[in-house]
Amino acid sequence: FPPQLIIRDALSAKTSLPALSLKSQELPESLNELIKIVGLSDTEVGLLLLAAVTSVDPRFEHFFIVLNNEVNTLGPTVSTALRLLGEDPSNPVARALLDPQAPLRTLGLLHLLRPEHSLAAQILDSPERVVRHLLGDSSIEPEIVNSITIGAEPILPRELLPTFDF
């Protein structure tokens with residue numbers, strides 16, 4: 001895109017974009033389950049999807065280069081993501097959704113890249129495991145399975161446990 005058009009469009013945008021609207025039946029079942037279990041708001045769901053989109057389709061990197069107006073920023077910045085979701089990036093309530101203690105971050109659903117930058121300039125990113133879950137992969141990571149240990153002593157006395165003949 002010619003820089004003149006990007007600058008013209010950026011200067012003429014005096015209001016926020018209309019918020020995206022998705023119905024639950026349009027979302028993958030894995031995402032609907034996650035929304036229900038965690039209790040994610042519409043904005044949090046939008047942030048999660050924007051964080052994952054470049055992992056699903058790298059063509060979105062070019063989209064974010066234009067929207068962020070930064071050649072080396074291949075994912076959505078916090079500011080761009082909030083604007084796409086109809087939120088004002090200066091709204092403290094919207095920004096708080098990305099606090100370190102907020103569900104999206106404490107549950108590891110998304111990360112912020114470039115911590116040396118201001119929050120608005122940080123980039124949303126989603127771990128590969130989260131992306132795979134959103135795409136329907138419900139397998140458990142081998143690291144988790146391998147870290148589970150079963151105690152040597154049963155919780156119930158041996159005489160109450162069933163016997164198995166092999």
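1. Basis. Local features in this predicted model need pLDDT of at least 70, side-chain atom pairs count only at pLDDT 80 or more, and totals for chains, interfaces and linings use all residues. Residues are numbered from 1 along each chain as its sequence is written, and side-chain values use heavy atoms, with hydrogens and water left out.

2. Fold. The protein chain holds 9 helices and 2 strands, taken as DSSP runs (helices H or I, at least four residues; strands E, at least two) numbered from the N terminus. Their order from the N terminus is α-α-α-α-α-α-α-β-β-α-α. Of its 166 residues, 33% are buried, that is, under 20% relative accessible area with a 1.4 Å probe, protein chains only.

3. Helix H3. This helix (residues 42-56) has 15 residues and should span 21 Å at 1.5 Å a residue, which agrees with the 20 Å between its end C-alpha atoms; the expected span is 1.5 Å times one less than the number of residues. Because 11 of the 15 residues are buried, H3 is largely enclosed by the rest of the structure. Its cover includes helix H2 (29-38), helix H4 (60-68) and strand E2 (123-125).

4. Core. The largest nonpolar core has 30 residues; such a core is a set of buried Ala, Val, Leu, Ile, Met, Phe, Trp, Tyr and Cys residues joined through side-chain atoms within 4.5 Å. H3 gives the most to this core, with 7 residues. Leu-124, among the residues with the most contacts inside the core, touches Leu-47, Leu-50 and Ala-51, among others (contact: heavy atoms within 4.5 Å).

Terms used
Buried means under 20% relative accessible area, exposed over 50%, partly exposed in between (1.4 Å probe, protein chains only). Lists of a residue's contacts leave out its neighbours within four places in sequence.
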